[in-house]
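Here's a quick briefing to read alongside the coordinates. Have the viewer open as you go.

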Amino acid sequence: MDLKELYQDIILEHGKNPRNFGKCEKYTHQAKGYNPLCGDQVQVYLKLNNEKKVEDLTFEGSGCAISIASTSIMTELVKGKSTEIAKKIIIDFLNMVKSTSEIKSNDLNEDQKTTVMSLSGVKKYPMRVKCATLAWHTLTSAIERKKEEVNTETID
Amino acid sequence: MNINSIKSQFPIFSKKINGKTLVYLDSSNSSQKPLSVLESLDNFYKNEFSNIGRSIHSLAVNATNKFEETRTSVKNFINANSKDEIIFTKNATEAINLVATTFGKENIKKGDEILITELEHHSNYVPWHYLRETKGAVIKFAPINDDGDIIIEKLKELLTSKTKIIAVTHLSNVTGTIVPIKEIVEIARKKNIPVLVDGCQSAPHIKIDVRDLDCDFFAFSAHKVYGPTGVGLLYAKKKWLEKLPPYIGGGGMISEVKKDKITYAPIPEKYEAGTMPTAEVVAFNESIKFMQSVGIENIIKHEKELTNYTLEKLKKINSVNIIGNPKNKAGVISFTIKGIHPHDISTIVDENGVAIRAGHHCCQILHERLNLTATARASIGIYNTKEDIDVLCSAVENCRKVFELR
């Protein structure tokens with residue numbers, strides 16, 4: 001398989017210049033995620049307004065190109081959405097990297113779909129799927145205000 | 001010594017893995033197996049299988065003899081005094097747990113100190129941590145310098161009247177540091193402190209002489225010494241095995257069982273409860289024979305040359321950083337590439353058929369000390385060649401290309 005299917009330009013670019021990196025001001029929700037296999041960790045900071053809309057979403061952490069790019073892309077896609085739609089996008093993304101290779105969501109525009117689909121190459125690298133999904137599980141945890149840290153070894 | 005003829009004894013190298021010729025540089029994790037070991041496993045199961053030590057039929061007698069032959073071979077391989085000093089376990093981790101648990105039971109009280117080092121694998125830390133949790137023991141870490149060598153002076157300073165045991169690796173699975181065990185044992189002797197050596201990484205690569213080292217315990221695993229999985233080895237001085245309580249209870253480790261009283265078998269059976277990995281122990285004898293047929297001096301010479309070759313070539317690649325620069329280094333080469341995470345390195349070199357490991361290699365304390373979360377690691381076995389290293393280096397160059405590094 002061509003490595004370029006995995007390491008597409010969009011991924012490399014987000015990996016090198018992650019968007020929304022840092023701690024946003026006045027965040028209302030936050031969660032931590034950890035991958036014990038590699039020691040990668042991520043913290044997401046989420047700011048919801050009164051209508052449960054994502055006003056801001058940022059992250060801190062360290063990881064491989066796949067995990068940083070996936071997190072960066074996630075923050076871009078979810079910002080401005082309601083938590084209800086955010087949850088749908090998360091499920092759609094997890095299905096894409098694990099089985100379908102497709103994004104079905106009507107809540108993303110074509111550009112956004114193309115961007116997130118750049119991560120579908122991960123499916124062919126089972127050992128790397130968790131790199132891509134860590135931040136998304138962590139975002140779910142933040143939205144639901146779960147107390148315990150997300151651990152890639154205890155989620156699907 | 002002809003490496004190609006050695007390599008040809010390993011069936012896996014004649015196969016294509018993922019359509020590529022395999023360049024296996026993950027021997028610190030586990031080694032590949034020569035045909036003689038695989039044939040022994042096959043032959044034992046097909047033609048000679050029986051459990052050992054219980055029945056008196058011919059198959060059982062033969063199996064028991066072969067099992068015990070391996071014990072004698074292990075004794076000779078590490079130059080122990082007696083074959084009764086060799087205990088078979090599930091793996092080296094279990095061997096260390098055996099010592100921590102049985103030694104800890106009677107010798108560790110609240111506030112007692114256990115000295116380990118910053119180089120240790122989790123398997124030589126977590127078992128001692130249990131004693132911290134259950135007994136209130138204190139664990140101290142002998143520090144290393146930036147080269148990856150243990151600072152012996154600091155180690156000395158950490159020893160107190162409360163230090164009950166020193167547990168230290170013989171060879172780091174991250175930096176390749178060969179630890180001066182004799183020097184540490186001499187220091188410990190003066191204070192009457194026993195020493196456990198984690199020999200997992202050293203046993204396949206340097207000469208092991210437990211009498212010369214004078215350590216009290218030495219643990220290693222068969223699967224890293226070109227042998228089967230499921231077999232760990234514990235050497236312990238007889239006085240300890242006789243004195244310490246048994247570990248796992250069950251059949252085979254007892255002498256007499258009454259409703260109100262149980263007595264235990266003499267060593268080594270005292271520590272070998274239940275059915276053992278019989279075929280695997282028998283096959284491990286072939287691994288030792290393989291090591292002896294190559295000769296430890298030849299192994300050391302070949303691997304030293306290859307280590308130097310690897311270091312020289314990797315250092316020439318832009319943005320590659322080698323982790324540690326110990327005084328005495330074995331063929332364990334951990335590295336990072338500025339701008340590429342080790343997991344990405346591993347995935348990319350795998351496309352060229354190169355098997356390396358990426359992560360913290362079960363050494364989070366060491367990675368924290370070096371301010372790293374993960375490294376990529378190429379580790380050498382007797383079957384590796386300069387051509388393997390050339391493929392590794394061009395695969396590393398390819399990482400830079402994929403990531404468009406200049």
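This is a predicted model: local features need pLDDT of at least 70, side-chain atom pairs count only at pLDDT 80 or more; totals for chains, interfaces and linings use all residues.

Residues are numbered from 1 along each chain as its sequence is written, with chains lettered from A and ligands numbered from 1 in the order in which they are written.

**The sheet**
- In chain B, 4 strands make an open antiparallel sheet, ordered β13-β14-β17-β16 (strands are DSSP runs of E, at least two residues, and helices runs of H or I, at least four, numbered from the N terminus; strands pair if DSSP finds at least two bridges between them).
- β13 and β16 (357-359) of chain B are the edge strands, each pairing on one side only.
- β14(B) pairs with β13(B) over 3 bridges, and B:I322 sits opposite B:F335.
- β14(B) also pairs with β17(B), over 4 bridges, with B:I333 partnered by B:A378.

**Burial of β14(B)**
- 6 of the 6 residues of β14(B) (332-337) are buried, so the strand is largely enclosed by the rest of the structure (buried: 20 or more other C-beta atoms within 10 Å of its own, with C-beta atoms placed from the backbone).
- B:V332, B:S334 and B:T336 cover one side, and B:I333, B:F335 and B:I337 the other.

**Touching chain A**
- 14 residues of chain B are in contact with 13 of chain A (backbone-placed C-beta atoms within 7 Å).
- Helix α12(B) (342-350) gives the largest share of chain B's side, 4 residues.

How values were computed
Two residues are in contact if their C-beta atoms, placed from the backbone, lie within 7 Å. A residue is buried if 20 or more other C-beta atoms lie within 10 Å of its own, exposed if 12 or fewer, and partly exposed in between; C-beta atoms are placed from the backbone.
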